[in-house]
Amino acid sequence: MTHGMRADTLQEDRGWRDTATRYALVPLRIFLGVTFVYAGLDKLTDSAFMQDAGAGSIGDMMRGVRDSSAVPALIDMALKNPVGFGYAIAFGELAVGLGALLGLLTRLAALGGALISLSLWLTVSWAADPYYYGNDLPYLMAWIPLVLAGAPLLSVDAALRARRSRAGGSR
């Protein structure tokens with residue numbers, strides 16, 4: 001008596017695994033997209049945040065982390081116009097989040113998300129001890145698969161790629 005799996009069972013299992021592999025980045029895109037859209041909107045709608053000084057302001061937050069950041073020069077640059085910097089971060093987070101959710105220019109959006117996360121890690125959350133208490137480093141690492149792979153499914157990028165492929169094939 002031999003023990004093994006039937007060939008049709010192997011084929012079904014392989015099909016499920018292939019499907020799961022193809023869709024593996026979709027939950028990551030949704031999570032990062034929703035989180036960054038929310039972060040951008042939260043900043044834009046928080047009147048205390050978009051201030052040069054005061055409790056909860058971008059200015060006070062930046063001054064508070066300046067001496068503990070890995071790159072104080074980045075904070076010094078932001079402190080030249082903290083409100084402008086706050087708006088730049090908020091609109092950047094919105095653009096990145098929408099790009100990830102829609103799968104539109106996904107690699108570029110993911111690169112933007114990685115750069116935002118990197119800058120926040122090197123400045124705001126650098127002093128977190130132990131390092132894994134800071135949340136910006138995991139966000140940076142989460143963006144990297146999307147920088148590498150883009151959004152091959154359920155995305156505007158995929159729809160545009162398919163459209164170009166059909167148009168190229170009909171010539």
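A salt bridge is a side-chain nitrogen of Lys or Arg within 4 Å of a carboxyl oxygen of Asp or Glu. In this predicted model, local features need pLDDT of at least 70 and side-chain atom pairs count only at pLDDT 80 or more, while totals for chains, interfaces and linings use all residues. Residues are numbered from 1 along each chain as its sequence is written, and side-chain values use heavy atoms, without hydrogens and water.

The whole structure holds 5 salt bridges. One joins the side chains of lysine 43 and glutamate 93, at 3.1 Å from N to O. These partners sit 50 residues apart, lysine 43 in helix α2 and glutamate 93 in helix α5. Helices are DSSP runs (H or I, at least four residues), numbered from the N terminus. Both lysine 43 and glutamate 93 are buried. Buried means under 20% relative accessible area, exposed over 50%, and partly exposed in between (1.4 Å probe, protein chains only).

Now find Asp52, Asp60 and Arg63, which a network of salt bridges links. Within it, arginine 63 meets aspartate 52 at 3.9 Å, N to O. Arginine 63 lies in helix α3 (residues 58–65), and aspartate 52 lies in the loop between α2 and α3. Arginine 63 has 38% relative accessibility, so it counts as partly exposed. Aspartate 52, at 42%, is partly exposed.

Another salt bridge pairs aspartate 67 with arginine 66, at 3.2 Å from N to O. Aspartate 67 is exposed, with a relative accessible area of 69%. Arginine 66 is partly exposed at 27%.

Finally, look at leucine 111 in helix α6. Its relative accessible area is 40%, so leucine 111 is partly exposed.

Note on methods: Helices (H or I, at least four residues) and strands (E, at least two) are DSSP runs, numbered from the N terminus.
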